[in-house]
Amino acid sequence: MRPADLVRFTYASVTAHRLRTGLTALGIAVGIAAVILLTSIGEGLHRFVIAEFTQFGTNLISVTPGRTQTHGASLGAVNTVRPLSIDDALALRRAPYVQVSDPIVQGNAEVVQGGKSRRVTLYGVGPDFARSLQMRVATGEFLPQDDPRAARAFVVLGSKVARELFGGGNPLGSRIRVGGDRYRVVGVMQSKGQVLGFDLDDTVYIPVGRALELFNRESLQEIHVNYEPTAPLAEVEEGIKRILIARHGTEDFTVTPQQKMLEVFGTVLDAITFAVAAIGGISLVVGGIGILTILTIAVAERTSEIGLLRALGATHRAILLLFLGEAALLAAIGGAAGLLAGWSIALVLQVALPALPVHVPWSYAALAELMAVGVGLAAGVLPARRAARLDPLEALRSE
Amino acid sequence: MIRLTGIERTFTVGGEQVHALRAVTLEIAQGESLSIMGPSGSGKSTLLNIIGLLDRPNAGTYELDRRDVTGLTDDELARVRREKIGFVFQFFHLVPRLTAAQNIELPMVLSGIDPAERARRVEQLLAEYGLTERSGHRPDQLSGGQCQRVAIARAMSMRPGVILADEPTGNLDRHTGQEVMGVLERLHQNGGTVVVVTHDPEIGARSHRRLRMIDGAVASDEKG
């Protein structure tokens, strides 16, 4: 039998029972729509999270004090972790490929201006902080290039803090109290919005040395290192470690490149996408059972036709292919309808709920259609084999 | 040419052995017109099914066109049926969702014959059996006689050497039955081998050679 004739024959069989075909295909359609929709949301979430993390650039390395590892010594052993100091941060500027090295300490502080006070997130940072994170100053300037160990008492306000404390007025040059000390406002940041729940606009930035004093801390929380985007990551990491080990004597710090964090996020998010796709897959299996049922009925109904085809010289294989083709066609119709439905719903979701990240990659659509046909073929195997094994004479006699 | 030698066929029905055919030896020459008659249960349909390669004998040999077809596999048998045997059934056995033309085309589709050649033969057969006007009709839009003519056209589409008809008039009124027999006789006159199983003596008598079966054995074999 020619492939074109096979397709035409199965198409005629499938379209002979429109309602039945429609309902069976619906089962697959629901499954495919569910898979498409859930993976779209999963993929959208993936992209959303990655975008949130990479908005500050990807050539970042974070150095934090302490080292996560299992110690063999007892709890009473001497704590050998040395604090990360501002001098460490300055020393890292000499590491190969490093462009900026920012000491950072973060905490909460009360800011007071006139009669108003507000508790905000306070960042003690170096002068290059804004530039290295691609954050922009709306008015004034960011903290000046003072010696970070003895910087002047300047403060830069997040856009929300500026609005709350000064209303429409110009805060530049005003003096405010931050954690009890007086600071002069030298700049206001552009609004950055929220990142994963943190309001980046409800913040103030002061020189890191003053912040350490304010919090009465010895150690920085983190040193942010920016390196040349084209530099080999391993060498950059190596350079940072070499300098810090020379200063500390041991490796009592942790170097985390953002790329590694992204990889970890990627794996986690892929797992989530896969899990939701599997949930959608369950409904696809149910749809497959629908095909199995309807095809079993079709084989029973058309037993005498199968007998006729065998009498007219159809081989086992031809009968097998006819019914497998029918199963695949049913599933393909359902799959296409499901794709359309899932895609439409995804579009509606995008318009109706812009906050919910939805993304339908074309490769998923193609994959889903292939999957539908695969489910159809799997469901068709049993009935098709039953049809092919019928004895032609007995099949002819059944009416 | 068909040559059956010592054909035995037994069925097990309810634990009992039923001898449907006993040592049947029969030779049917190319271009013969043969009717097989006999009471029900005499084995005439079983004999036709064996000749049509739809059933296998328990013993004996069957030569079709000088080839021993007794030991062929199922798929080999299917190919031989496709090439050499045309079937006409009592209940027509047309595919209900296909048109008359598509039903006639079906054996050629199964054989993978070129579509252009198929269309040519279908048109010719439709004309030959007076079905041209009905070519786009489905079986439920055709009369019984028309259905059987479609079935005969279908049987002829692969130009087989033998036409086997099992009670071809059994489901038709007298007049239509005569008409269908006329069609089968024309096939015979054009050189085809036609084997008809019937319990209607009037139909059976129209054949040149008449076989009578009783209890699975050939009781009489008359010619002329």
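Across the interface of chain A and chain B, the rule finds 4 salt bridges. The model is predicted, and taken over all chains it holds 32 salt bridges.

**Where chain A meets chain B**

- The contact involves 25 residues of chain A and 25 residues of chain B.
- Together the two chains bury about 2300 Å² between them, and 61% of that area lies on carbon and sulfur atoms.
- One salt bridge pairs B:Arg118 with A:Asp5, whose closest N and O atoms are 2.7 Å apart.
- That pair crosses between chains, with A:Asp5 in helix 1 of chain A and B:Arg118 in helix 4 (residues 115–128) of chain B.
- As background, side chains of opposite charge can pair when their charged atoms come close.
- The rule also finds 10 residue pairs in polar contact across this interface, both residues being at pLDDT 80 or more.
- On the side of chain A that touches chain B, the elements giving two or more residues are helix 1 (3–16), helix 9 (303–311) and helix 12 (392–397) of chain A.
- Sorted by class, that side of chain A has 12 nonpolar, 5 polar and 8 charged residues.

**The six-stranded sheet of chain B**

- In chain B, 6 strands form an open sheet with mixed pairing, in the order 6-7-8-3-9-10.
- Strand 6 (85–88) and strand 10 (217–223) of chain B stand at the edges; each has a single partner strand, so one side of each is left without a neighbour in the sheet.
- On average, neighbouring strands of this sheet are turned by 15° against each other, direction ignored.
- Strand 9 (residues 209–214) of chain B pairs with strand 10 of chain B in the antiparallel sense, over 6 bridges.
- Within chain B, B:Ile214 stands opposite B:Ala217, which belongs to strand 10.

**Helices against that sheet**

- Helix 1 (residues 44–51) of chain B lies across strand 3 (33–37), strand 6, strand 7 (162–166), strand 8 (193–197) and strand 9 of chain B.
- This helix 1 of chain B runs at about 150° to strand 7 of chain B.
- Helix 2 (residues 74–84) of chain B packs on the sheet as well, touching strand 6 and strand 7 of chain B.
- The direction of helix 2 of chain B makes about 80° with that of strand 6 of chain B.

**The four-stranded sheet of chain B**

- Another open sheet of chain B has 4 strands in the order 2-1-4-5, with antiparallel pairing.
- Strand 2 and strand 5 (67–68) of chain B are the edge strands, each pairing on one side only.
- Strand 1 (residues 2–13) and strand 2 (residues 16–28) of chain B pair in the antiparallel sense over 9 bridges, and B:Thr12 has B:Gln17 in strand 2 of chain B as its bridge partner.
- The hairpin of strand 1 and strand 2 of chain B has 2 residues between the strands, and in this hairpin B:Gly14 takes a positive phi near 55°.
- Strand 1 of chain B is also joined by 5 bridges to strand 4 (residues 59–64) of chain B, the two running antiparallel; here B:Glu8 stands opposite B:Ala59 in strand 4 of chain B.
- Strand 4 and strand 5 of chain B pair in the antiparallel sense over 2 bridges, with B:Glu63 opposite B:Asp68 in strand 5 of chain B.

How values were computed: Residues numbered from 1 in each chain as written. Chains lettered and ligands numbered in written order. Predicted model: local features only at pLDDT ≥ 70, side-chain atom pairs only at ≥ 80, totals over all residues. Heavy atoms only, no water. Pairing = 2+ DSSP bridges. Axes fitted to C-alpha atoms, helices over the stretch in contact; angles between N-to-C directions. Contact = heavy atoms within 4.5 Å. Buried area = accessible area lost by both parts, 1.4 Å probe. Salt bridge = Lys/Arg side-chain N within 4 Å of Asp/Glu carboxyl O. Polar contact = N/O pair within 3.5 Å; in protein donor to acceptor, adjacent residues only side chain to side chain. Nonpolar A, V, L, I, M, F, W, Y, C, P; charged D, E, K, R; others polar.
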